[in-house]
Amino acid sequence: MIEKLRKIYDSLIFFEDIYPEDTENYNWFLTNDHELIGIAKEELSERDLSLLNALLRPYHITTPEMSAEEKKWHSLLHSNYPITMEADSFRFIYFSFSRHQLEPASFNEAIQAFFAKQIPIIWTNEHEGIIVETDPDEDLSYEQIIDVLMSDLYVKIKFMIGALHDSLAHAKKYYDMLVHAAASTFPHIEKAVISHTEAIPYIVLDQADPQFLEDTASLILGEFRNDEELLKTIEMFFKCNLNISVTAKELYMHRNSLQYRLDKFTDKTGIDIRQFHEAITAYLAILSIKK
């Protein structure tokens, strides 16, 4: 649909590609794929508006007005023009919560309370965006922030913690990578706080050929491919860093019973998941059938 609309409306633009100060010059619509698009008001007649309102959902932009520093970061991340900025070190924290569950202004206010100084928050849309931490506090725990936010705001929020960087030269690339990592990972993982390194397996799977993943899962997992109980046991074993005692406690299972299940898998597949490299293979195979 987007490409067809582009042929009719030259000004069509995605929300994330526009400067905040220009949003009022557009009428905004939410597509069936939950993409927020804008078309310049000057290009729309009353008839156009009636038609678009019937095909799409009209949408009103309500993200908070950006500070001067947030505008600089937005320009740095969304334009190809050189921006003069300084930062000794920084990292991006991607956040996401369910649509229409929380007003962006309320989120901004809640997040700022955890920091000694105002931090830039750049919104992608009304429920996703990034927090920019300059000179990050190593003692800051996003797990604790999540607990407080979920308790106070009654909304489920996810964070992806980006890597620490000391140069702005490739900030746009780091931002794009984090956004892509979150899109590949958030639908498939329940954890509220995820590091960028945890996203790597999901990014790899996201880019792999579906038939290759299907064949690999069958090859590696064999007759256990549809054994949900055993696969959940193995997945918990991975989450517990291949520690049998910890896994048994998490599953409320006797250690010997757990050992029996793992040995059964090894005997049938020839893959010893207690060995790091073989565990990686089985882990990717399990993730591939959960996508």
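# Close-up views of a predicted protein model

**View 1. Overall composition of the predicted model.** The protein has twelve helices and nine strands, where helices (H or I, at least four residues) and strands (E, at least two) are DSSP runs numbered from the N terminus. The model is predicted: local features need pLDDT of at least 70, side-chain atom pairs count only at pLDDT 80 or more, and totals for chains, interfaces and linings use all residues. Residues are numbered from 1 along each chain as its sequence is written, and side-chain values use heavy atoms, with hydrogens and water left out. Along the principal axes, the C-alpha atoms of the protein fill a box of roughly 70 × 45 × 35 Å. Of the 291 residues in the protein, 45% are buried; buried means under 20% relative accessible area, exposed over 50%, and partly exposed in between (1.4 Å probe, protein chains only). The protein exposes about 16900 Å², of which carbon and sulfur atoms supply 49%; accessible areas come from the Shrake-Rupley method with a 1.4 Å probe, and for residues only the protein chains shown count as cover.

**View 2. The open sheet of five strands.** The strand order is β6-β7-β5-β8-β9, with mixed pairing; two strands pair if DSSP finds at least two bridges between them. The edge strands, each pairing on one side only, are β6 (121-123) and β9 (193-195). From one strand to the next, the twist averages 20°; angles run from 0 to 180 degrees between N-to-C directions, and axes are lines fitted to C-alpha atoms, for helices over the stretch in contact. Strand β8 (residues 157-161) runs parallel to β9 and is joined to it by three bridges. I161 has S195 in β9 as its bridge partner.

**View 3. Helices packed on the sheet.** Helix α3 (residues 68-78) touches β5 (90-97), β6 and β7 (128-134), and its direction makes about 55° with that of β6; contact means heavy atoms within 4.5 Å. Helix α5 (residues 142-153) also packs on the sheet, where it touches β5, β7, β8 and β9; the direction of α5 makes about 165° with that of β8.

View 4. β5 and β7 run antiparallel and are joined by seven bridges, with I130 in β7 as the bridge partner of Y94. The pairing of β6 with β7 is also antiparallel, over three bridges, and I122 stands opposite I130 in β7. Four residues lie between β6 and β7 in the hairpin that they form.

**View 5. The packing of helices α6 and α7.** Helix α6 (residues 171-185) and helix α7 (residues 200-207) pack at an angle of about 80°, with their axes 8 Å apart. The two helices are therefore roughly perpendicular, a term for angles of 65 to 115 degrees; under 35 counts as roughly parallel, over 145 as roughly antiparallel and the rest as oblique. H180, A181, S184 and T185 in α6 meet Y202, I203, D206 and Q207 in α7. In α7, P201, Y202, I203 and L205 are buried. Elements covering the buried residues of α7 include α6, α8 (210-221) and α12 (276-290).
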